[in-house]
Structure formats: structure tokens, C-alpha cells
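Take a look at the model below. We will walk through a few of its local features, one at a time.

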Amino acid sequence: MDIDYIDIGVNLLDESFKKDLDEVLDRAFSANVCVLINTSSSIEDAKRSLDLTKKYPSKIFSTAGIHPHNASSGDDQLKESLIGILQNDSMVAIGECGLDYFRNLSTKEEQLLVFKTHLEVAKETGLPLFLHQRDAHDDFTHCLNDVFDSSVHGVAHCFTGNTDQMKTYLDMGLYIGITGWICDERRNHELIKAVKELPLDRVLIETDSPYLIPRSLKRSRRNEPMNISIIAEKLAKEMGVELSTLANHLVTNSKKLFNLSN
Ligand SMILES: [Zn+2]
């Protein structure tokens, strides 16, 4: 039986895919990755990503938003720009957006301002959020709780935290996005403990290609969406469920959160 996958977080416009993107996508489709959601990290990026979705209709979808690293590029027009581009059917989520105090490539003030704009857009459009958080858990949860009185519609993408953080996100209504981080025995201990308590109706997977290559493949440097089954297999093992059971939930959850038809 073939298992279908939806890779909810890929960076297909990364430089490293420039030469052979079509082949990368062919390999992904051959590996039963039936849908990919490309992550945008700036308005420029979102426009290029929109073009890509038009080239692969109903196979590639996209987010639109400004990564916290790029928050200094946010201007007065940000809200209108986002709402404009999100009107396209292939744009299925707002992000990636959030807070990153690990590298602070934009100032905290810039990050907070831009994040709040994304949250307003989420409230107005009803679209799900594709959320990034690093070393900013408290401010991040405050911002979300300030804007949403009921549950937040979105995913904590590339979740690498511990059980307590995961439970906070689950209580807020978020889905949890698991990457190849879970395959890295040097730093996956807390995450493995957490996923044992992750409900099947809140889990999603993403390769975050070309980043976060599963450690078992460390001889090749670039990650590709075709590697998603390695994450799914490891995750099924750690969650203590059959791969086919997990895979069914992953597809159902992805379709539900991002409102993908068929
Ligand atoms: Zn991220």
C-alpha cells in the first residue's frame, strides 16, 4: 500500500534548488509527496512563491508572510500587501511569522510589530498561521493570547521544544510541526519525550528542505521533500503507532488546517 504525504514546510526557492528544482519535485512526487506547502519569508518571496504554485497547481501551495529575521523590512503597507497576496487560492497560510530572539537579526521591537500585523491579518482573513518561535516562548504566547480570545488556528512549525511548551501550544489550539530534528540523536531527547504525548489529531510533518536533513542521510548535505518518509517512520516509532495510522492522520490534519480540497 502506498502512503501519501503532505510536506507542510519546504523552502523551494532556496538558492540550493535553483539548478534542479524540477527534478527535486519529480523525486518528491515519485516518493508520494502529493502536496507541498512552500514557505515564504518576505513579501518578495511570497510573490515568487505564488508564481511557483501556478506552475504546479493543486500540488504546490504557499504561505505568505515575513520571517522574524526579515521583520525590519516590514513597512506601513504590510497588512494590505499580505491581504492582497493571500487572496489567491494557492496561498493557504500566513507566515512564516513569529519571533526569533536567538539570532535577533531584526530588533525585538521590529519583530513584535510585524508579528502583530500578521496576527491581525489572521483574524481578518480566517487563514491559519504558520508560526516560527525560537528563544521567545513567553512573548510569543502573550502575542497570540492577546489577539485570539478562543483557539489559535495555526501550526507551530519546526517544533523542537519540550513537553511543557508543546502542551501550552496544544492548549492554545495549535498543531505541532515535526521536522527531521527528531532524527538527530544529539538533540532530540526532549522532543522525543514530547511526541509521546502528542495527540494524533494535532500532528503535522515537514522536511524544511533544504535544511534539517535527517541525520541518517548526513552524507548528502541538502535535504529534499522526498526524504519525508524518514521523518514519518521515526515519528511513528516514537509515538508508538503504526506508520499507516500516523500517515492517515497527517494527511487529514494537513487538509483540515490548510483547507486543501480533495
Ligand atoms: Zn522557521
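Asn104 is partly exposed, because 15 other C-beta atoms lie within 10 Å. The scale works like this: a residue is buried if 20 or more other C-beta atoms lie within 10 Å of its own, exposed if 12 or fewer, and partly exposed in between, with C-beta atoms placed from the backbone. This is a predicted model, where local features need pLDDT of at least 70, side-chain atom pairs count only at pLDDT 80 or more, and totals for chains, interfaces and linings use all residues. Residues are numbered from 1 along each chain as its sequence is written.

Stay with Asn104. Its phi is positive, about 45°, although Asn104 is not a glycine. Most residues other than glycine have a negative phi, and most peptide bonds are trans. Asn104 sits in the loop between strand 4 and helix 4 (108-125). Helices (H or I, at least four residues) and strands (E, at least two) are DSSP runs, numbered from the N terminus.

Asp135 also has a positive phi, about 55°, and is not a glycine. Find Asp135 in the loop between strand 5 (129-134) and helix 5 (137-147). Asp135 has 13 C-beta neighbours inside 10 Å, so Asp135 counts as partly exposed.

Now the peptide bonds. Gly95 and Glu96 are joined by a cis bond, with omega about 10°. Glu96 belongs to strand 4 (residues 91-100). Another cis bond runs from Ser209 to Pro210, with omega near 5°. Pro210 lies in the loop between strand 8 (203-205) and helix 8.

Next, the strands. Strand 1 (residues 5-10) pairs with strand 2 in the parallel sense, over 4 bridges. Two strands pair if DSSP finds at least two bridges between them. Asp7 stands opposite Leu36 in strand 2. Is strand 2 mostly covered or mostly open? Strand 2 (residues 33-38) is mostly covered, with 5 of its 6 residues buried.

Finish with two helices. Helix 8 (residues 228-239) packs against helix 9 (residues 243-258) at an angle of about 110°, with axes 9 Å apart. That makes helix 8 roughly perpendicular to helix 9, a label for angles of 65 to 115 degrees. Axes are lines fitted to C-alpha atoms, for helices over the stretch in contact, and angles run from 0 to 180 degrees between N-to-C directions. Helix 8 contributes Ala232, Glu233, Leu235, Ala236 and Met239 to the contact, and helix 9 contributes Leu243, Leu246, Ala247 and Leu250. Contact requires C-beta atoms, placed from the backbone, within 7 Å.

Note on methods. Angles under 35 degrees count as roughly parallel, over 145 as roughly antiparallel, 65 to 115 as roughly perpendicular and the rest as oblique. Two residues are in contact if their C-beta atoms, placed from the backbone, lie within 7 Å.
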